[in-house]
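Colleague: I'm new to this one and would like to learn how to read it. Could you take me through a few features?

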Amino acid sequence: METPAAPPVPRPSGPRTQLPITTAAPVKKQRRYAAAALSTVLAVAAALGAAAAVSAVGERTKVLAIANDVPAGQPLTDADIVVAEVSADAALTPMPATDRSLVVGKRPAVDLRKGSLLVASQLQPGTGLGDDKQQVGVQVKRGQAPASSLVPGDKVLAVTVPGQGEQPPGNGAEAPPTSVRATVVSVSRPDASGAVVVNLAVASSDGPLLATRASSGRIALVRDVRSGS
């Protein structure tokens, strides 16, 4: 006996419900949004970094620098000093520009070169070039000092030369020249005639004597052998 067939299931009446179709478009759009956000963050970070760099470069300070070569022992003049601006750096310790008036007149303990920054340690209270002795300025004419430049620290003999037309005393034999031992403290730049002024440190007993002889312009300098020469 055959089993009767089940009656067909009636289809629901009314409009059909449209199922959403899944695509990859939303995922791609989210990726585009993330990339754009990342680019924005990187751009902001780069801008902040550039601003910080500009700010760091902008932190400059005014300091003292050397305008001319100054030998050790020669007093600093206002013309020897200029104000420079440098980037703040903990490794550099130049003297601030506000100390300019305090520096003028001081004697450096070492040679100062044009274009270098001035450091306080270069200006010692004593130069070691006869600070405990009397100092006498002697004008030396061209040919009355070594052709090679004298430098601070050189040991010299300040020799009194005969005056023009001066005759040797007694039997006509030339008397030994009189001299004073001294240490070169500083040397000026030559003038138009080639003469220079040499500041000499001498013993207190020789200061007045050398000054008297120097006033007549009859001093010649003989440099002693330098150490290591």
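Colleague: Let's start with contacts. Which residues does lysine 106 touch, leaving out those up to four places away in sequence?

Modeller: Keep in mind that this is a predicted model. Here, lysine 106 touches Gln74, Pro75, Leu76 and Leu123, with residues up to four places away in sequence not counted. Take leucine 76: it lies 30 residues from lysine 106 in sequence, yet the two C-alpha atoms are 5.6 Å apart in space.

Colleague: Where is lysine 106 found?

Modeller: Look in the loop between helix H2 (100-103) and S3.

Colleague: And why does lysine 106 count as partly exposed?

Modeller: Buried means under 20% relative accessible area and exposed means over 50%, with partly exposed in between. Lysine 106 has 41% relative accessibility, so it counts as partly exposed.

Colleague: Now the sheet. In what order do the five strands come?

Modeller: Read across the open sheet and you get S3-S6-S5-S4-S7, with antiparallel pairing. Strand S3 (134-140) and strand S7 (219-223) are the edges, each pairing on one side only. From one strand to the next, the twist averages 45°.

Colleague: How many bridges join S3 to S6?

Modeller: Seven, and the two strands run antiparallel. One to find is glutamine 135, whose bridge partner in S6 is alanine 201. On the S5 side, four bridges join S5 (residues 179-187) to S6 (residues 196-202), again antiparallel. There, serine 186 has asparagine 199 as its bridge partner, and valine 187 stands opposite valine 198.

Colleague: Is S6 mostly covered or mostly open?

Modeller: Mostly covered: five of the seven residues in S6 are buried. Helix H3 (residues 207-215) lies across S3, strand S4 (155-160), S5, S6 and S7, and runs at about 15° to S3.

Colleague: How should I think about a nonpolar core?

Modeller: In soluble globular proteins, nonpolar side chains tend to be buried together. In this model the largest nonpolar core has 18 residues, and Val138, Val198, Leu200, Leu210 and Leu221 touch the most other members. S3, S4, S5, S6, H3 and S7 are the elements that give two or more residues to this core.

Colleague: Which residues does valine 138 touch, not counting those up to four places away in sequence?

Modeller: Val196, Val197, Val198, Leu200, Leu210, Ala214 and Ile219. There's also a second, separate core of ten residues, and Val70, Leu76, Met95 and Leu118 are among them.

Note on methods. Residues numbered from 1 in each chain as written. Predicted model: local features only at pLDDT ≥ 70, side-chain atom pairs only at ≥ 80, totals over all residues. Heavy atoms only, no water. Pairing = 2+ DSSP bridges. Axes fitted to C-alpha atoms, helices over the stretch in contact; angles between N-to-C directions. Contact = heavy atoms within 4.5 Å. Buried < 20%, exposed > 50% of the residue type's maximum accessible area, 1.4 Å probe, protein only. Core = buried A, V, L, I, M, F, W, Y, C linked by side-chain atoms within 4.5 Å.
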